[in-house]
Amino acid sequence: MKIWEFTEQPYPDAWNDLGFSYMLQGRQAECERSLREALTYDRSHRRALNNLGTLYARQGDDARAIAVFRMTGSEQEAQASLDRVRSS
């Protein structure tokens, strides 16, 4: 079943929410898949990008995390996002 089966078009917010739910459950592969799916419909979806960056940072992949965080703001903001995840 498609997540947007009852709507007219894909719903990236739903994919993001599903990905976030998977992140909270520790289901990293499903989390990444869902967040990437959200981004196929809206490449600048800030919450999906921030959640994907958070996932990578939690996995210890700082290079990928900072690259994703840079897509949502300045270098300073990206570094602050990475620092926030590291300290949580």
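This is a predicted model: local features need pLDDT of at least 70, side-chain atom pairs count only at pLDDT 80 or more; totals for chains, interfaces and linings use all residues.
Helix H1 spans residues 12-25, and helix H2 spans residues 28-41. The two pack at an angle of about 165°, and their axes lie 8 Å apart. Angles over 145 degrees count as roughly antiparallel, so H1 and H2 are roughly antiparallel to each other. The crossing of H1 past H2 is left-handed. On the H1 side, the contact involves Pro 12, Trp 15, Asn 16, Leu 18, Gly 19, Phe 20, Tyr 22 and Met 23. On the H2 side, Glu 30, Cys 31, Ser 34, Leu 35, Glu 37, Ala 38 and Tyr 41 take part. By class, this contact of H1 with H2 holds 10 nonpolar, three polar and two charged residues.

A further packed pair is formed by helix H4 (residues 62-70) and helix H5 (residues 75-87). Their axes are 8 Å apart and meet at an angle of about 130°. H4 and H5 are therefore oblique to each other. H4 passes H5 in a right-handed crossing. From H4, the contact uses Asp 62, Ala 65, Ile 66, Phe 69 and Arg 70. These meet Glu 75, Ala 78, Gln 79, Ser 81, Leu 82, Val 85 and Arg 86 of H5. The contact of H4 with H5 comprises six nonpolar, two polar and four charged residues.

Aromatic rings were also examined. Zero aromatic pairs were found in a search of the whole structure. Arg 64, however, lies over the face of Tyr 56, at 4.0 Å from the ring centre.

Definitions and conventions:
Residues are numbered from 1 along each chain as its sequence is written. Side-chain values use heavy atoms; hydrogens and water are left out. Rings of Phe, Tyr and Trp (its six-membered ring) pair if their centres lie within 6.5 Å; planes under 30 degrees apart count as stacked, over 60 as edge-to-face and the rest as tilted. A charge sits over a ring if NZ of Lys or CZ of Arg is within 6 Å of the ring centre and within 35 degrees of the ring normal. Axes are lines fitted to C-alpha atoms, for helices over the stretch in contact, and angles run from 0 to 180 degrees between N-to-C directions. Helices (H or I, at least four residues) and strands (E, at least two) are DSSP runs, numbered from the N terminus. Angles under 35 degrees count as roughly parallel, over 145 as roughly antiparallel, 65 to 115 as roughly perpendicular and the rest as oblique. A crossing is left-handed if the near helix is turned anticlockwise from the far one by less than a right angle, and right-handed if clockwise. Contact means heavy atoms within 4.5 Å. Ala, Val, Leu, Ile, Met, Phe, Trp, Tyr, Cys and Pro count as nonpolar, Asp, Glu, Lys and Arg as charged, and the others, Gly among them, as polar.
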